[in-house]
Amino acid sequence: RLRRAVRAGDPVLASDFEPMPMISARQLVSLQTTKGAVSLSVAGRALGDGDVGQTISVLPSNATRPVRARVVSTGVVTLED
């Protein structure tokens with residue numbers, strides 16, 4: 001991902017790039033939670049970028065309010081208590 005806007009014909013340096021986050025804003029994710037022997041997983045949409053261990057806002061499918069979830073891997077987040 002580019003750190004800055006680049007016009008056609010402009011030179012691009014290695015320092016102009018930044019690593020892609022594990023989860024990008026607007027990406028579809030699997031929102032998971034476990035309570036005892038019960039596990040639940042629903043689809044959701046990430047509202048921000050995040051890497052493993054970071055907490056981001058996620059809008060679960062058919063919900064009107066986002067929840068806070070921790071990024072655990074590519075496309076997977078767990079519900080924060």
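The radius of gyration here is taken over C-alpha atoms, and the globule rule is 2.2 Å times the number of residues to the power 0.38. By that rule, a compact globule of 81 residues would come out near 12 Å, but this protein has 16 Å. Along the principal axes, the C-alpha trace spans about 55 × 25 × 15 Å.

A quick word on the ground rules: this is a predicted model, so local features need pLDDT of at least 70, side-chain atom pairs count only at pLDDT 80 or more, and totals for chains, interfaces and linings use all residues. Residues are numbered from 1 along each chain as its sequence is written, and side-chain values use heavy atoms, with hydrogens and water left out.

On secondary structure, there are zero helices and five strands, giving β-β-β-β-β along the sequence. Helices (H or I, at least four residues) and strands (E, at least two) are DSSP runs, numbered from the N terminus.

Some whole-protein values:

| Quantity | Value |
|---|---|
| Residues that count as buried | 23% of 81 residues |

Buried means under 20% relative accessible area, exposed over 50%, and partly exposed in between (1.4 Å probe, protein chains only).

Where does L2 lie? L2 sits in the segment before β1 (28-35), and L2 counts as partly exposed because its relative accessibility is 38%.
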